[in-house]
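Please keep the sequence and the structure in view while reading.

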Amino acid sequence: MSSPAPWPQPMDGIVTPRFAGPVTFMRLPQVEDTSSLDIALLGVPFDLGTTNRAGARHGPREIRNMSAIIRRVHPATGMEPCRLCRVADAGDTPTNPADLMQSLEMIEQRVAEIRNHGTWTLALGGDHLISLPILRGIARATPGFTPLGMVHFDAHSDTTDSYFGGMRYTHGTPFRRAIEEGLLDPKRVVQIGIRGSLYSPEDMDWAASVGVRIIKIEEFESLGVEATIAEARRVVGDAPAYLTFDVDSLDPAFAPGTGTPEIGGLTPREAQRMLRGLRGLHLVGADVVEVAPPFDQSGGTALIGANMMFEILCLMAEARTAKR
Ligand code: MN
Ligand code: MN
């Protein structure tokens, strides 16, 4: 039995049944003041960027609900992220479900407020557009900010210029904007699992032209998990980086509860192996997005979301500790 941790821990499922207690991530304490935290788990209940089936606004609550099943210790590494670092659930960012642009400002503001104290965020989406205001918030609150690298799991590149006659802010555009705004260094961005059918043959030309490394599902299959990890690590390097995990990177057989499902995707096991292969990267922020509970009849997609959050929390906790 390990000694008591010096700060609050997730509620222990061997003491209090896992179906009881508050609905926070891993049943951690919920806090408003994040200034003493290393990592804040932050819900972003927003899906106004969705271009097809909406519903990801309900993601944070269901991911929290399913996260009650997660125990404290990582099964493969033995890591206890909530002992390594001060972690708590910071609740949800404000949003305005009737105003996309105002919501982006509200999300950015909350992330910057948290970041001003040096606290990192691991966000629960929400649709993929949330990554843009999160990256803006990180940049705004980071003195001497330089563009981040990024590991991006997705069926889609999300680098389209605009939709519906000039709408530049949807869940299909966040990384085009983030690169244009100097939030990401495209030459340190790697996308894994890309496979959805396209609007035009040129859809990914822009991303490729600025240096984004796109690993389509066919290339992933021929490389295999280990070589894909090696390539991702080569692209991103040792400098600060962001990690974004779109649950539609997984096959809809496993993760049907999402707005833009694409067949022929990753298995949860492949995703776990790849995430575990990213240990040691300098990850300073992350999100899990596109869990859409209205399409998630079994709750299995939210369960995957919660487990990917835990994998990423372990990576960030280790990165944070290495920084001390
Ligand atoms: Mn996406
Ligand atoms: Mn996607």
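## Helix α7 against helix α8

In this predicted model, the axes of helix α7 (residues 217-236) and helix α8 (residues 268-276) approach to within 8 Å and cross at roughly 35°. Axes here are lines fitted to C-alpha atoms, for helices over the stretch in contact, with angles running from 0 to 180 degrees between N-to-C directions, and the helices (H or I, at least four residues) and strands (E, at least two) are DSSP runs numbered from the N terminus. On the α7 side the contact (heavy atoms within 4.5 Å) is made by F220, V225, E226, T228 and I229, and on the α8 side by E270, R273 and M274. These residues divide into four nonpolar, one polar and three charged, where Ala, Val, Leu, Ile, Met, Phe, Trp, Tyr, Cys and Pro count as nonpolar, Asp, Glu, Lys and Arg as charged, and the others, Gly among them, as polar.

Residues are numbered from 1 along each chain as its sequence is written, while chains are lettered from A and ligands numbered from 1 in the order in which they are written. Local features need pLDDT of at least 70 and side-chain atom pairs count only at pLDDT 80 or more, whereas totals for chains, interfaces and linings use all residues; side-chain values use heavy atoms, with hydrogens and water left out.

How far apart are the end C-alpha atoms of α7? Although α7 has 20 residues, its end C-alpha atoms are only 19 Å apart, short of the 28 Å that a straight helix would reach at 1.5 Å a residue, the expected span being 1.5 Å times one less than the number of residues. α7 bends by about 110° at G224, the bend being the angle between axes fitted to the seven residues ending there and the seven starting there. Just after α7, G237 takes a positive phi of about 70°.

The buried residues of α7 are I217, F220, V225, T228, I229, E231, A232, V235 and V236; buried means under 20% relative accessible area, exposed over 50%, and partly exposed in between (1.4 Å probe, protein chains only). Their cover includes the strands β4 (148-153), β5 (184-194), β6 (213-216) and β7 (241-246), together with α8.

## Salt bridges

The structure holds 20 salt bridges, each a side-chain nitrogen of Lys or Arg within 4 Å of a carboxyl oxygen of Asp or Glu. One of them joins R140 and E108 at 2.9 Å, N to O, and links distant parts of the chain, with R140 in helix α4 (residues 131-140) and E108 in helix α3 (residues 100-115), 32 residues apart. R140 is partly exposed at 47% relative accessible area, whereas E108, at 15%, counts as buried.

R176 forms a salt bridge with D161, the closest N and O atoms being 3.9 Å apart. Because R176 lies in helix α5 (residues 174-180) and D161 in the loop between β4 and α5, the pair ties together parts that are 15 residues apart in sequence. In another pair, the side chains of R168 and E180 meet at 3.4 Å, N to O, with R168 in the loop between β4 and α5 and E180 in helix α5. Salt bridges that share partners join D161, R168, R176, R177 and E180 into one network.

## Glycine 193

G193 lies in strand β5 and, at 0% relative accessibility, counts as buried. Leaving aside neighbours within four places in sequence, G193 is in contact with D154, A155, I215 and I217. The C-alpha atoms of G193 and A271, 78 residues apart along the chain, are separated by 9.8 Å.
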